Amino acid sequence: MSEPHPKPKAKKRFEVKVPDPYMFVRTLGQGRFGSVHEVSKTPTDEHFAMKILTFSSEADYKKNEHEISKLSKNQHRNVVRFVQAIEGDLAHFVVLELCSHSLQDELSEHKKLGGKMDVVRVYGVMRDVLNGIAYLHLRGEIYGDLKGSNVLIGKDGVAKLGDFGGVVGAGTMKTSNPAESGTMQFWAPELFKKADGAESSVGSRAGDMWAFGQLLLEMLTGRSWIVGESAVDIQQSVLEFDIGKICEREGIVGEVQVLLSLLLSETPSKRMSSVELVRSNRLQSILGPETPLSRFFAAQLEAANNELKSTRQQLLQQQSPTVSSPDNSRIQSLETELLAAQEEIRRLKESARTQRDESSSAQTTTFTQASFDFTDPSHFRVDNNIITRTDAGKNEDGNTRYSSVFLTDVLETGVISVEITLHSQNNGDLYFGLIDSNRPIPEIGYRVGCYLDNSAGLSYYGYLWSSSHSSKECFPYLSQGDSIRMEVDLNSTPRTLQFFVNEKAGKYFMSGIPSSVRIGFSIQHENSSIRIDNLLRLPRPTPTSMRMKKLKW
Ligand SMILES: Nc1ncnc2c1ncn2[C@@H]1O[C@H](COP(=O)(O)OP(=O)(O)OP(=O)(O)O)[C@@H](O)[C@H]1O
């Protein structure tokens with residue numbers, strides 16, 4: 001006779017014991033090394049997240065201490081806030097800011113709804129994640145475990161790095177055991193190659209950037225591209241990964257494709273660094289600038305998303321086979337709101353794009369003298385695009401003085417490029433730059449309004465000067481025959497100005513250019529001249545090295 005089936009045991013409701021003055025509220029999640037719970041603090045009833053990291057060996061204990069130390073020492077707007085750590089007999093209890101959900105939850109929700117994340121949202125989250133990663137990299141750390149479940153969205157809507165178990169100092173050995181070192185889906189190809197045959201490999205900042213690229217790709221395409229059940233399958237998927245083919249398949253072109261290729265290059269040294277990416281503004285220029293309106297709609301979208309999620313959860317908890325119609329209609333109305341908000345964002349982005357395209361499609365061709373008016377050309381002769389100082393350039397007290405002349409055209413939009421040649425330099429100073437057209441035009445006798453708190457530009461001795469009185473050596477001394485090109489980007493946020501001498505970019509660029517400007521020249525000596533070679537409206541700014549330093553207007 002066969003044994004009767006044993007009666008299944010009733011599942012015990014498990015309540016986690018947390019130390020005073022905290023009280024268990026609910027379990028939020030379970031990671032590889034610990035569980036995370038919502039707790040409330042008595043008597044204030046403030047709510048926090050508490051991560052319980054158990055230890056049963058010296059090695060576990062040290063690992064926990066390491067995570068706590070890295071987290072508490074690396075506090076930043078884009079890192080989850082550390083409150084305190086309590087050591088128990090068998091576990092460390094780490095108290096953290098309570099976040100509303102993880103990026104993984106958002107990605108899963110979008111996958112369920114069959115859609116992709118809105119690009120405004122992608123930009124907002126990735127900008128936050130990038131700032132967090134760049135902060136760690138600047139401090140000589142490696143994050144080591146970037147993935148959706150480790151990016152937490154705070155109650156303030158800010159995305160933060162949430163799990164510091166993988167953080168190591170640059171160059172520290174990283175174990176090749178996936179159970180201990182990051183998640184294999186986000187491992188860069190070199191980690192598999194270096195781990196070959198050996199027990200360990202080195203984590204790197206370039207490895208973090210690979211994971212950042214994978215996360216960005218997943219957010220943009222709505223799916224993960226590294227797949228596989230076993231470690232061997234995942235390794236094969238990573239080693240076969242080809243961003244070019246994916247972009248082709250997904251119809252990703254232009255700047256987004258360039259950025260993804262820069263992050264997901266097989267060769268670590270070719271990957272763009274976090275700091276370069278922050279400085280380059282590439283993420284912003286690709287995914288569109290954040291505006292108060294886009295922020296507003298992104299917040300609305302998030303609120304609608306959250307409400308939809310919690311309504312779904314409530315319904316699931318009720319576990320009622322027949323869902324009452326009012327709840328169904330609430331879900332439907334939320335879904336409609338969500339679609340409307342998404343549609344509005346798409347519309348806004350489309351109109352912003354059209355405006356940008358319109359302003360950049362108008363190309364001004366080569367400058368002709370007839371097309372220009374000067375504000376006060378009385379101290380100059382303008383002849384065949386050559387502007388020559390005509391008077392002796394002395395003040396009444398006999399000191400040398402400058403005369404300035406400005407184009408009357410006021411520039412407010414577009415990417416403007418003006419190229420001049422140092423035509424004949426009669427041993428005196430020459431300046432070339434911009435003035436704020438909303439401020440008074442400086443008197444004759446000054447450089448291009450120099451030190452009048454309304455101008456900035458380049459001097460013949462290669463210095464970039466700003467109206468905030470600072471000036472920096474941007475190029476070596478310029479000489480007769482040199483070509484100087486000034487490029488003003490009035491579409492970017494902030495507006496920028498940069499110079500190129502003989503098409504080589506300077507060491508500095510300038511930010512914070514006023515919203516409307518005029519181009520001007522200052523010449524010190526009689527018979528010194530410059531030649532205006534062209535004035536163009538460019539479709540986009542000239543790409544330059546990421547290492548340029550910033551000087552403020
Ligand atoms: N401060 C927090 N506020 C709210 N939820 C949190 C917080 N920290 C973690 N969580 C939740 O708890 C879950 C488990 O987090 P944990 O960092 O332990 O592991 P994990 O990242 O999911 O997995 P792994 O250990 O594999 O990295 C997270 O996915 C997240 O949803």
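**Helix packing and cores in a predicted model**

The protein chain in this predicted model has twelve helices and 26 strands.

Trainee: What share of the 553 residues is buried?

Mentor: Let's take the whole chain before the details. Its accessible surface is about 27800 Å², with 50% of that belonging to carbon and sulfur atoms. Of the 553 residues, the buried share is 48%.

Trainee: Are α3 and α5 roughly parallel or antiparallel to each other?

Mentor: Helix α3 covers residues 119-138 and helix α5 covers residues 205-221, and their axes sit 11 Å apart. The angle at which they pack is about 170 degrees. Anything over 145 counts as roughly antiparallel, so α3 and α5 are roughly antiparallel.

Trainee: How many of the residues in the contact of α3 with α5 are nonpolar?

Mentor: Look at who meets whom: the α3 side includes V122, M126, V129 and I133, and the α5 side includes M209, F212, L216 and M219. R205 and D208 of α5 take part too, as does H137 of α3. Sorted by type, the contact has one polar residue and two charged ones, and the nonpolar count is 13.

Trainee: Which element gives the most to the largest nonpolar core?

Mentor: That core holds 61 residues, and V129, L146, F212, L217, F241 and L260 touch the most other members. Setting aside neighbours within four places in sequence, L260 contacts G213, L216, L217 and L220, along with I243, C247 and I252. The top contributor to the core, with nine residues, is α5.

Key. Residues numbered from 1 in each chain as written. Predicted model: local features only at pLDDT ≥ 70, side-chain atom pairs only at ≥ 80, totals over all residues. Heavy atoms only, no water. Axes fitted to C-alpha atoms, helices over the stretch in contact; angles between N-to-C directions. Helix = DSSP H or I, 4+ residues; strand = E, 2+ residues; numbered from the N terminus. Parallel < 35°, antiparallel > 145°, perpendicular 65-115°, else oblique. Contact = heavy atoms within 4.5 Å. Nonpolar A, V, L, I, M, F, W, Y, C, P; charged D, E, K, R; others polar. Core = buried A, V, L, I, M, F, W, Y, C linked by side-chain atoms within 4.5 Å. Buried < 20%, exposed > 50% of the residue type's maximum accessible area, 1.4 Å probe, protein only. Areas by Shrake-Rupley, 256 points an atom, 1.4 Å probe, with all protein chains shown as cover.
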